[in-house]
Structures are given as C-alpha cells and as structure tokens.
Amino acid sequence: MQSHAQPKMRPKQGKIKAPKRAEMDTVVLWERLSESIREIHNKKAHFLSFEENYRFAYNMVLYRKGDELYKGVTKLVAENLDRLAEEVIVPTFVTSIGTNSSKAGGNSALQEGVDRLRRGEEGTALLKSLKSVRDEHVGNMEKLKGLLAYMDRVHTKAARVPVIFEAGMQLFLEHIIHSKRWPIRQNITDTLLDQIQLERDGHAINRSAVKGCVDVLIELRDIKEPDIKNTVYKLDFEPLFLERSRNFYEEEGVTLIGSSDPTEYLQKVEARFDQETSRTQYYLSSFTEAPLLDILKDHLITPHVETIVSRGLDGMIDSDKIDSLARMYRLFVMVPSGLPVLKKAMKEAIIRRGKEINATDVGADGEGGDGEDEGDGNADLLTDIKGKGRESLVPKRKGTAGKGGANNGGKPVEVAIQWVQNVLDLKDRFDKLLRDAFADDIALQTAFTEAFKRFINNNKKAPEFISLFIDENLKKGLKGKSDDEVDVILDKTITVFQFIEERDVFERYYKTHLAKRLLQQRSVSDDAERGMLAKLKIECGYQFTQKLEGMFNDIKISNDHMNGYREYLIKTGQNPEVPISVNVLTSTFWPMSLAPQPCTIPLQMTAACSSYERYYLSRHSGRRLTWQPSLGSADVRVTFKAKTHDLNVSTFSLVILLLFEPVAEGDILTYEEIHKATGMNEDELKRHLQSLACAKFKVLKKHPPGRDVLSDDSFSFNHDFTSPMQRIKISTIAAKVESTEQRRETMEKVDEERKHQIDACIVRTMKDRKVLPHNELINEVTRQLASRFQPSPLQIKKRIEALIEREYLERGEDKKSYVYQA
C-alpha cells in the first residue's frame, strides 16, 4: 500500500513580482536599447557603453522578447536606410544622362564635351554616395552584430530568421537598391552604363568610384531568391550591360570596317579586346569577361573575317608587316571561322606568288651558249685525253659567246637557278611568317606545305631546275663557304626537293648532272657531294641513292686503276704518245646507254686507248669495254703566231683541231670534209664547230662568219688568234636546260621506267597478299610508290591488265578482286 505525501507549500515572498514586472522591464530595456541604436545611426556610438547595451539585448532575449527585439531593430535599420537614401543618394541623381546639345558647328562639339564632363562628375557623385551609404550601413551593422550577438546565437536560429547582419544587408537591398520610394536601381545602372560608355568613347572616368559601386552590387544577394548565388550584379546589372555592349559593338564593327584599312581595323579591335579585358579585371566581375569577349568576337571579328583577309592580307605579306599578321592571327583564332579563312587565304597567297615564279621560266627551252659539254650522257667507259696534267672545267654561269658566237646559253640555266632561289626565298619568307606571326600553327603549316607542293609540281621543269641548282652549287657555288654554310644551302635545297612528287624524274636529272661533275672533276667539295647524297638517302631511302653511291665507288676504283696503269707503264717501259686518264664505269649505275657517239679517233689517240685496254683486260677477264669519247676532255698545246696556248677542249673538239694540223696557212676545210673525216653525227659536229669558231675563243675561222654552222660553210685555222691567258678552256655549246623535245623524250623514258616500277610493286604486293580487291590494290600501290612519284589509278589499272595478260594475276570470281598466280 503506497502512501502519498502532501507537498510542502512555501510561503509567498513579496519581493518577487513575476510577469508584470518582466514586461515592464523589457519595455524600458527596449526604449534604452532603441535610443542607443539611433545614436549608432547618428554616428554617436562612441558615447555609448557596449556592456550596458549588450546587457539590454541579452535580458530581452532572456525574458523571451527576442522577436520584439528582432523586429524592432530591423524597423530602426529600415528607417535609417530610408533616411540615408533620401538625404544622401537621391540628391545626387544624375540629370544629364541622355541630354544632347542642339547647337551647331564648333559650339555643338564644345557643348558635347561640357555635357560629357558634367555627366562624368555627376555620375561619380552618385556612385560615391551609394558606396558611402553602403559603407556606413555595414559599419552600423557590424556594431549591431556585436550588441545583438546573443540574439543571433539564441533567437534567430530558433525563429528561422537571418542573423541581424544578413537581415541588415537584405534591408539595404530592399530600401536602397530596390527602393520602392525612389528609382535608385534605375539611376545606378544607368549611371554605371553611362560611365562605361564614356570610357569606351575615350574619356577618363573615376574608375575607383565605378569599382566601389560594382563591388556593392557583387556583394549583395537577395536571400529571398531561389538561387542565392545570383548576386544583384548578376541579376540587375550584367544583362543590361551585355545588351548595351552588344548594340554598341555591332554598330562600331560596321562603322570601323567601312572607315579603316585592315591594319588599322585590327589594331582598333585588339585595343577593344584589351580595354574590355582590363575593364572586367579592374572594376567589373571577372565572370563578365567571357560573355563580353564573345560579343566582341561575334560583332568585331566573325562578320568581317572575309573582308579583312580580302582587303589586307596580301598587302601585309608584301610589306612584311609581321605585327599586323600576328595580330590578325591572334584575333582570328578566337572565332571558329577565323583560322579556316586565314588558312585558305594564305594557301592562295602562296600559290599566287608561286605562279608568278613559275612564269619566270618561260623561254628556258632555248639552246645554250658557252657552257659545259652536255654530250649525250652515254658511256660505259670515258676517256680523258690530256696533253699535260689534268685540268678541271669550271663552267661559266653567263654565256661566253662573242659577236659571231653561239646562242647565249647561260640564260636558260640562270632561269633554272633563279627559279629555285625564288622558291627558297619565298619559303624563307613564309617560314618567317609562320614562326613570327602565326606561332608555328600546325594548320597553317599544313596549308603552306600543300601550297608549295601545288605550285612547284605545276611546273613540269621543277625536278630539272632543282637538279641544276644543286649542280651549280656543288660545282662552284659552295666555293669559299664554311661547312655550316654548305650544310644550310644543302638543307634548303632538300626543303624544295621535299615538295616534289615526281622524284624519279629528279633522280634521272640528278644522276646525269652528278655524272658530269664526277667525270669532269668539277665538284668543289667531295664532302659536300657526300653530304647531299646522305640527305637524299634520308629523304628517299637506300633504293633512291644506291646507284648514286655506285657512281662514287666507280670513280674511286678508277683512280686505283689509273695508279696501277702508271706502274704498269713503268714496268713495261711503254711511253704512249698521248697520256690518258681513264674512268671505268659500271653501266647499270650511270645514266648512259651502251651505244657510243660515232667518231673517227686519230691513230695516236687510239694507240693510247689500246694500251690501257690491254692493261685492264689483263686484270679483269670476261669484261667488255666500250670506249665513249663523247664526254672526254683533252689538254692540247697549240702554237699561234703571237703565242702558244694550252687549250682545254672536249675530245671531239680535239679530233676536229687535229684535222687542221697538216693544213697550210690560208687553206680551208669544208664542213663536208670535216664531217667525212670525223664521222661524227651532224648535231654533235655543229655543236663542237660552234664552240671552236663561233664562241668567245675563236681558234677556227668560219667562212662566212655567223652564229650558226651550216652544211655549206668552210673553216680555217685562226693563226692570228690572241689571248692574254696562257690556259684557255673552250667549252662546248650545249643547252643546259632541256628543250621541249628533249623533255618529251626524257618523260618517255621515265614513263617506261615507271611501268616497270608499277609492275614490280603490283607483283610484290600480290605475292604477299595473294588476293586483293581492286580498290585496295590501287591504294596499296599508290602508297608504296608515293616516295618516287604519284601514279594515277588509270596507270595502275593498265599495268594490272598487262600483268593479267602475262599471267602474273587473274581476276577473282567476283570480278572485283585479283588473285596472284604463282
């Protein structure tokens, strides 16, 4: 059984006055606290006691009057903000925005300047007033935040209201920026936009004032908005600013492109980009930069890309305006259409200049003047018949024909050399642009390469010209240059060579020119020759240079043979009347046919040749030697009335000169007599007679005088010949650049070689793959042969048909593929 004890009752104490006394106390507390808050708003906080006022707020919250306290404080803050707006901000509203002067002439311009100045000053005052009100308000709220710290800690969280500082900033937004009594927001945004426009027009503004106002807008956030991350700047100012900027730059783009040349336009546009970037970094939000620059791109660059390029690109290139081109590139890469348009325009610019260079080779098909003896380029064995010692022929770049001489043959070679030099200069020029103006852009680099390939391969003479350029440099152009300089020249030449598609044509010319240099000992430097060969090998592979290396090897072995021959003469006691130097060449390496040029060699010369032949065959059984005197040279001592000269002539020229040895002074030999005695074909005979009787050194006289040799002409020895030089080189008249007919013959030979190469490639591919569809076979053959030439699908198809006829291939059952027949 439980017992319930009665609770003891305490007697009432009269000192405790609970509810009514608490309510009375909080009213007094609020009166005293509100008075202190007003003093804070009146900038008299230094007269107040922080501890006393904190206790007032503390007790109100403690007595459960936090809601009254919160509402009372916010009401006082709102009243103070309304007062500040009315007393500080509203009086500074700008009244001059949008005003225009109606006066004419100079007064109008003066008045406009005055208006702009007034607008700037008024705008600065308004922006500063807003910033000052905000700063004062933030200072007040910081003080209140300290006094009401207990309320923020205890009451606001339970009541689900913002802490007093956040509430104060929201009140600032509602009573200042979004004030319903005064159009502050409209005035602030209009003033900011006007200040920015003034600066865009070139006038100075107070950037600090603008920055202070913008910072206020950036800091303010409406806590009632769903997305609290959106600032007042983002919601109220930025859309208007971007719209105003869009309208401004759309109009300015049209105006500038019509009134400025492209160089000036690009300068102004880039300046606008710099200005807007600086503006966003200094006093606008950094997040505004991207959409603002997009506006500039959309209205200053994209619509005018084609116009800028068409009106200004060529002029910039011709004037070497690196800065302007670099500026164009920097701006164009900002927009999607910029780089493709620039790429196309640069490609067309190169091709256009390349066509002009190609036009300079017109007339290069003519016959040459005094130059090296081209001969027919055919020999398995070349005999150099010498009088005394060994002399190398140094070709003249310019023709040496006199009044009665032959055609000026230097010009065609000059055209070839100048063409390559012009291409190199153009390449250097655009390489500089690519490096200095276009930042080595890969897309532009590709366009440059395509353009050079196109115009170089449009010139069908390009392979020959490049070979001639190398030939000229390796013969005398590199004389006196250092190894580094030589390497630079060779590298540049390889650069042009890389653009050639028909490399097999180049190889044919290069082999011919190399043969001349090696056989006539006209290379300036063996190291340079080897260096060029190494570069070609790197570029084209071993197969390309295999025969070229074999030519070098033949010359080395021939020198060893000559040393052995001299020892043989000493041992046998032989002393040929005519000393000779012989090069033994492997027929498969050298660009020469087996058929020698016909010529009746004098007995004293044939005796020397027989002596060497006996020596050579005694050491190499089973070999057959074919003498080819057409590329030989000879040193012969000739006595004239005034002086004895040592002449360096071709072997054929020596044969002609020996015919005049028994001829008495004043007697002549007719063309027919010379032709019959030498047995040479008429073209060769006329060339050599021209070199002896019509060029600079006329050791023979032609009757009648003239430039060309005719079949009814006659010749006599020129006993009256004089020259200050003891040693004289008489070069054979020859065309260094092929004529149209010669080029046609060369291409026929090349086409024949290509047939064999295509056949070999098809058979090699089918042997490995056994079965291939038609298109795959075409693509594979084209890929494999691309390093030598570009075969057309029609060429490959014809060779496939030929191989089917020869039973190397057969068609598949589907008639769309081929099968290899073992």
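Is S179 buried or exposed? In this predicted model, S179 has a relative accessibility of 13%. Buried means under 20%, so S179 counts as buried. S179 is placed in a loop. That loop runs between α6 (164–177) and α7 (184–200). The side chain of S179 reaches the backbone nitrogen of R181 at 3.2 Å. Neighbours within four places in sequence aside, S179 is in contact with L173, E174 and I184.

The largest nonpolar core has 151 residues. Within this core, L148, I176, M346, F438 and I456 touch the most other members. Helix α15 (residues 410–436) gives the most to the core, contributing 12 residues. One of the residues named above, L148, is in contact with L33, A57, L69, V73 and I164, leaving aside neighbours within four places in sequence. A second core is separate and has 33 residues. Its members include V663, C694, V699 and L700.

Two sheets are described here, beginning with the one that contains β6. This open sheet has three strands in the order β6-β8-β7. The pairing is antiparallel. Strands β6 (669–670) and β7 (700–703) stand at the edges. Each has a single partner strand, so one side of each is left without a neighbour in the sheet. β6 pairs with strand β8 (residues 714–717) over two bridges, in the antiparallel sense. L669 has F715 in β8 as its bridge partner. Helix α25 (residues 682–693) packs on the sheet and touches β7 and β8. The direction of α25 makes about 110° with that of β7.

The other sheet contains β10. It is open, with three strands in the order β10-β12-β11 and antiparallel pairing. The edges are held by β10 (771–773) and β11 (809–811). Because each has a single partner strand, one side of each is left without a neighbour in the sheet. From one strand to the next, the twist averages 25°. β10 and strand β12 (residues 817–820) pair in the antiparallel sense over three bridges. Here L772 stands opposite Y818 in β12. Helix α27 (residues 774–785) packs on the sheet, touching β10 and β12. The direction of α27 makes about 95° with that of β10. Helix α28 (residues 793–805) lies across β11 and β12. This helix, α28, runs at about 100° to β11.

How values were computed
Residues are numbered from 1 along each chain as its sequence is written. This is a predicted model: local features need pLDDT of at least 70, side-chain atom pairs count only at pLDDT 80 or more; totals for chains, interfaces and linings use all residues. Side-chain values use heavy atoms; hydrogens and water are left out. Helices (H or I, at least four residues) and strands (E, at least two) are DSSP runs, numbered from the N terminus. Buried means under 20% relative accessible area, exposed over 50%, partly exposed in between (1.4 Å probe, protein chains only). A polar contact is a pair of N or O atoms within 3.5 Å; within protein, one must be able to donate a hydrogen and the other to accept it, and residues adjacent in sequence count only if both atoms are side-chain atoms. Contact means heavy atoms within 4.5 Å. Two strands pair if DSSP finds at least two bridges between them. Axes are lines fitted to C-alpha atoms, for helices over the stretch in contact, and angles run from 0 to 180 degrees between N-to-C directions. A nonpolar core is a set of buried Ala, Val, Leu, Ile, Met, Phe, Trp, Tyr and Cys residues joined through side-chain atoms within 4.5 Å.
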